[in-house]
Amino acid sequence: MPSLTFTLHSWCVLFMFMLAAGRTLAASISGSAASSPKPPMWPDQFTSKFTVRIEKYGDNFSKPGIVYYNWKIKTLRSDFIDWCLPLFDKPELHHNYTCSFFMADGNMYFVNHTANTWQNHDCCLFAGGLGTITPDWVKNCQYNGTAMLRGQKVDVWWFPGTSDPNMPCYGYWDTVDDHTPVQFFGLASIGPAILDYDSFHVGPPDAEMTKPVGGCSKQCEPAVLGARLFDTPWPSCG
């Protein structure tokens, strides 16, 4: 297991807490044209399991995770279980451990599960100024109709910046009936990635939602000599 310390060239790894396998899947579920409904709102508090899928790792790759959201105290915690989102140029050497991305106090922190309790885990400042996402964040997306996805009728939302509905910069799918999150598609440090949501539960998260002891004030820096971070392949979205 590597040290938690590393830096970040781009905050686009934010996909971590929401992220549907890559561009091919996004193309296969493009929605029908329709007038735009009111953008959905996230509940102030919820917990949801998710499955991570990475395009470059193939159709058989899937890893579990869980996200905790509490807007009442402006926090969001995403746990990647037994597989941490790779940030290094040789991810096979660095990813087989549990980690969390934790948003609080207007910042994002990286938490390495090195202890038996959350409060004693190792932690560092991952991205200053990247605070918790607001419940109404979908209002910044453009509506792209409806589709059937995982046996459910969903609304399809693209992030603005691309004119091709089959090649969105980011995509989000939620159920038409009650706006339960279903999938999020976007770019991670290793390219196109997906989160499939499951077991969505509205209510106060049953998890630690404060920073570990020590305050996570130290900056994340590379711990391995010669370690190189991924440069995320940002699409043309201008």
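Cysteine 124 and cysteine 220 form a disulfide in this predicted model, with their sulfur atoms 1.7 Å apart. The torsion about the S-S bond of this pair is about 95°, so the disulfide is right-handed. Cysteine 124 lies in strand β6 and cysteine 220 in the segment after β11, so the link ties together parts that are 96 residues apart in sequence. Both ends are buried: cysteine 124 has a relative accessible area of 0%, and cysteine 220 has a relative accessibility of 4%. The cut-off for buried is under 20% relative accessible area.

Cysteine 123 is joined to cysteine 216, with an S to S distance of 1.9 Å. Cysteine 123 belongs to strand β6, which covers residues 122-127, while cysteine 216 sits in the segment after β11 (191-202), so this pair connects parts of the chain 93 residues apart in sequence. The link of cysteine 123 and cysteine 216 is right-handed, with 110° about the S-S bond. Cysteine 123 and cysteine 216 are buried.

The torsion about its S-S bond is about 90°, so the link between cysteine 84 and cysteine 99 is right-handed. This pair links distant parts of the chain: cysteine 84 is in the loop between β3 (75-80) and β4 (99-104), cysteine 99 is in strand β4, and the two are 15 residues apart. Are these two cysteines buried or exposed? Cysteine 84 counts as buried because its relative accessibility is 1%, and cysteine 99 is buried with a relative accessible area of 0%.

Cysteine 141 has a relative accessible area of 11%, a value under the 20% cut-off, so cysteine 141 is buried.

Strand β4 also holds serine 100. At 0% relative accessibility, serine 100 counts as buried. What does the side chain of serine 100 make a polar contact with? Its partner is the side chain of aspartate 79, at 2.5 Å. Leaving aside residues up to four places away in sequence, serine 100 touches Arg77, Ser78, Asp79, Tyr109, Phe110, Val111, His113 and Trp118.

The mean pLDDT of the protein is 77, and 70% of its residues reach 70 or more. Which elements have the lowest and the highest mean pLDDT? Among the elements of the protein, helix α1 (residues 22-28) has the lowest, 33, and strand β2 (residues 63-70) the highest, 96.

Two stretches deserve a separate note. Over residues 1-33, pLDDT stays under 50, and the model has 129 contacts beyond four places in sequence for these residues. Over residues 229-238, pLDDT also stays under 50, and the model has 32 contacts beyond four places in sequence for that stretch.

Definitions and conventions. Residues numbered from 1 in each chain as written. Predicted model: local features only at pLDDT ≥ 70, side-chain atom pairs only at ≥ 80, totals over all residues. Heavy atoms only, no water. Disulfide = S-S within 2.5 Å. Helix = DSSP H or I, 4+ residues; strand = E, 2+ residues; numbered from the N terminus. Buried < 20%, exposed > 50% of the residue type's maximum accessible area, 1.4 Å probe, protein only. Polar contact = N/O pair within 3.5 Å; in protein donor to acceptor, adjacent residues only side chain to side chain. Contact = heavy atoms within 4.5 Å. pLDDT = per-residue confidence, 0-100.
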